[in-house]
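User: I'm new to this one, could you walk me through what's in it?
Analyst: Gladly; let's look at it together and start from a single contact.
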Amino acid sequence: MLDVKWAKEWLQLSAKIINEHRDELIELDRVIGDGDHGENLDRGFQAVAAGLMDSTFSTPAEVFKFAAQTLLSTVGGASGPLLGTAFLRAAKAATAVDSPQLSAADSLQILQAALTGIQERGKAVPGEKTMVDAWSAALVAAQAAAQIDPCKIWEAAAAGAAKGAAATADMCARKGRASYLGERSIGHLDPGAVSSAYILAAAAQAAQAAQADQANHVEDAH
Ligand code: ADP
Ligand code: MG
């Protein structure tokens, strides 16, 4: 069920949701950063969505690799290389899967790989008010869900990421541009954690759409 169509849908929905929240992300980054996060991410995800329509992809790994390369070359700032690395590692994890469909266990591997990539690249740990807080809370929630239905894994990840992003409001920034503000960063959401929660919400929505699609096909067959 979580096949190449899901992977494409994930990135297309990410582009839509990031675009809808562009101004909000700009504003969040204006308060504790330099205000470019919404613009940078929107540019990157629009390029990903456009590219997905122009080329053909046969596996989730190919889709993630394309997304990674496009985000790396279009987003810039701190978040471009970090999200690019996340999708590059997701692609690697998906390449290791010997099936066109990703299982719940594969989904956990992908989440783990993405988080590890972000942490290796940015050297941040949870609690430092970065996108790591969204991705790590997503992984913990997805693991705790202990589901065999991959759709449920992504739903748990999305819910965890939203909580992780919300929790950044109370944190003092220790990494990235917001760390220059020190204690003054407390009381404000981290833009990168918020956008990562949107990206993971898109993954869950795409999984739900894939599941609904499959249910319709089963009904058609009867
Ligand atoms: P810049 O700070 O270069 O303007 P963006 O505005 O695009 O980059 O992205 C800022 C976001 O990047 C932050 O909100 C934070 O979530 C994330 N970020 C910055 N540095 C790190 C890091 N070292 N590790 C993880 N995430 C980071
Ligand atoms: Mg910025």
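User: Okay, what does the backbone of M131 do around the ligand?
Analyst: Bearing in mind that this is a predicted model, a backbone N or O atom of M131 lies 3.0 Å from an oxygen atom of ligand 1.
User: And how much of ligand 1 does the protein bury?
Analyst: Taken alone, ligand 1 exposes 570 Å², and the protein buries 92% of that area.
User: Which pocket does ligand 1 sit in?
Analyst: Ligand 1 sits in the largest pocket, where 20 residues surround it, the closest being A78, S79, G122, D190 and G192.
User: What about A78, how far is its backbone from ligand 1?
Analyst: A backbone N or O atom of A78 is 2.9 Å from an oxygen atom of ligand 1, while an N or O atom in the side chain of H37 is 3.1 Å from a ligand 1 oxygen atom.
User: Which helix gives the most to that shell?
Analyst: Helix 9 does, with 3 residues, and helix 3 (37-54), helix 5 (79-95) and helix 9 (191-221) each supply at least two residues of the shell.
User: How do the shell residues divide by type?
Analyst: The shell around ligand 1 has 6 nonpolar, 8 polar and 6 charged residues.
User: Switching topic, how many cavities of 30 Å³ or more are there?
Analyst: There is 1 such cavity in the structure, and the volume of the largest cavity is about 40 Å³.
User: What lines the largest cavity?
Analyst: Its lining includes W10, F87, W135 and W154, with helix 5 and helix 6 (104-122) each supplying at least two residues, and the lining residues divide into 9 nonpolar, no polar and no charged.

Terms used:
Residues numbered from 1 in each chain as written. Chains lettered and ligands numbered in written order. Predicted model: local features only at pLDDT ≥ 70, side-chain atom pairs only at ≥ 80, totals over all residues. Heavy atoms only, no water. Near = heavy atom within 4 Å. Polar contact = N/O pair within 3.5 Å; in protein donor to acceptor, adjacent residues only side chain to side chain. Areas by Shrake-Rupley, 256 points an atom, 1.4 Å probe, with all protein chains shown as cover. 1 Å grid on protein atoms, 1.4 Å probe; cavity = no way out; pocket = protein on both sides within 12 Å on 5 of 7 lines; lining within 4 Å. Sits in = over half its atoms within 2 Å of the grid points. Helix = DSSP H or I, 4+ residues; strand = E, 2+ residues; numbered from the N terminus. Nonpolar A, V, L, I, M, F, W, Y, C, P; charged D, E, K, R; others polar. Points joined across faces, edges and corners; volume = space filled by probe spheres on them.
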